[in-house]
Amino acid sequence: MKQLLDETNNWLLIQADSCEQECMKKVCEQAMEEKKISFCVVYALDPAGCKFTVRSSTDEVRANEAVAYLAESVGAGGGQNDVAGGFLAECLLLAHRQNADYENYFKEKLERYFSQYEIVRSEEYKADLNQMKRYQKKKTRLGVVRTSDFLNEGTPILVRTLEGDMECVSGQDLYIMIGIDGEVYPIRQEKFNHSYEFTDGEPEYTCEQEPVIHNNITGEAYSLVPHIMTCQPRGEYHIYARPLAQSTKVFTQWDRYKYLKGAKGDYIAVREDDLSDVYTIERSVFFRSYERCEE
């Protein structure tokens, strides 16, 4: 089997003889154990193109995300965070490249993928406030839901934010915010009380689909609409933020084993009252939600 190892980024590319997914998974597992690497792609030729399997044992790369990136515009695929698979259609690949050289295609894509992301971990991040501006939230009426109002305490939930999935557990101290685009994100009661206050009127958000969260075990969707209350930012709530110079994966206080993603031009922010609370904000949402503080 032909192999290509990138020791710097700790990934391995293998061309296998069999295109059976289970066989390729086993090749992945064995190679990762032997080479002591954390990310592996195994591919095999198919009459119509190329089948491939991705396996990841690092929290910095999700296998299903990598498959989507590798197959973008030329194939399809899916799977889990640790293992996933896909297919590249030769006819689609030839529409973008001069030949169907799969080894070079995977090599170029993997090199680009691993070089484009900066990794930020909340427990290690040191915000350079000299490179960041001070902002406050605009006085916009937002939605908020107390998870204890409709879920049993201890219910495992999945909150799908704009920047990525966040796993939480319902309880008295867990609230869910609904932003101006209907986006949802978790907040602890203590930080909510410091940053927001309840108010009258309807929340000012628009969205095509109603905001929901999911049971992280059963997948059941819980509509937030029947439980939404209205709040607005307090004047003393501030953040420091700057635009991202490159795509970034941020491991937040909420889950230090899963990341939120920000694209170049999105914003990375920290709370003024907790500089270790680092997160990303989608660019268009940032400009509609925040305003510069007066110096």
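The following exercises, with worked solutions, concern a predicted model.

**Exercise 1. A salt bridge of Arg121**

Identify the residue whose side chain meets that of Arg121 in a salt bridge, and decide whether Arg121 is buried or exposed.

Solution. 
- Step 1. The partner is Glu60, at 3.3 Å from N to O.
- Step 2. Glu60 belongs to the loop between E4 and helix H2 (63-71), whereas Arg121 belongs to strand E7, so the pair ties together parts that are 61 residues apart in sequence.
- Step 3. Buried means under 20% relative accessible area. Arg121 has 15% relative accessibility and therefore counts as buried.
- Step 4. Glu60, with a relative accessible area of 29%, is partly exposed.

**Exercise 2. Two further salt bridges**

State which parts of the chain are tied together by the pair Arg55 and Glu29 and by the pair Arg97 and Glu108.

Solution. 
- Step 1. The structure holds 23 salt bridges. One of them joins the side chains of Arg55 and Glu29 at 3.6 Å, N to O.
- Step 2. Arg55 is in strand E4 (residues 49-56) and Glu29 is in helix H1 (residues 21-35), so this pair links parts that are 26 residues apart in sequence. Glu29 is partly exposed, at 39% relative accessibility.
- Step 3. The side chains of Arg97 and Glu108 also meet in a salt bridge, at 3.1 Å from N to O.
- Step 4. Arg97 lies in the loop between helix H3 (90-94) and helix H4 (102-116), and Glu108 lies in helix H4, so the parts tied together are 11 residues apart in sequence.

**Exercise 3. The largest pocket**

Describe the lining of the largest pocket by its residues and their classes.

Solution. 
- Step 1. The space in the largest pocket is about 630 Å³.
- Step 2. Its lining has 34 residues, and Tyr185, Pro186, Tyr237, Tyr279 and Tyr290 lie nearest the centre.
- Step 3. Strand E13 (184-188), strand E22 (274-281) and helix H6 (283-289) each contribute at least two lining residues.
- Step 4. By class, the lining comprises 18 nonpolar, seven polar and nine charged residues.

Technical notes. Residues are numbered from 1 along each chain as its sequence is written. This is a predicted model: local features need pLDDT of at least 70, side-chain atom pairs count only at pLDDT 80 or more; totals for chains, interfaces and linings use all residues. Side-chain values use heavy atoms; hydrogens and water are left out. On a 1 Å grid over the protein atoms alone, a cavity is a set of points where a 1.4 Å probe fits but cannot get out, and a pocket is an open set with protein on both sides within 12 Å along at least five of seven lines; lining residues have an atom within 4 Å of a point. Grid points are joined across faces, edges and corners, and a volume is the space filled by probe spheres set on the points. Helices (H or I, at least four residues) and strands (E, at least two) are DSSP runs, numbered from the N terminus. Ala, Val, Leu, Ile, Met, Phe, Trp, Tyr, Cys and Pro count as nonpolar, Asp, Glu, Lys and Arg as charged, and the others, Gly among them, as polar. A salt bridge is a side-chain nitrogen of Lys or Arg within 4 Å of a carboxyl oxygen of Asp or Glu. Buried means under 20% relative accessible area, exposed over 50%, partly exposed in between (1.4 Å probe, protein chains only).
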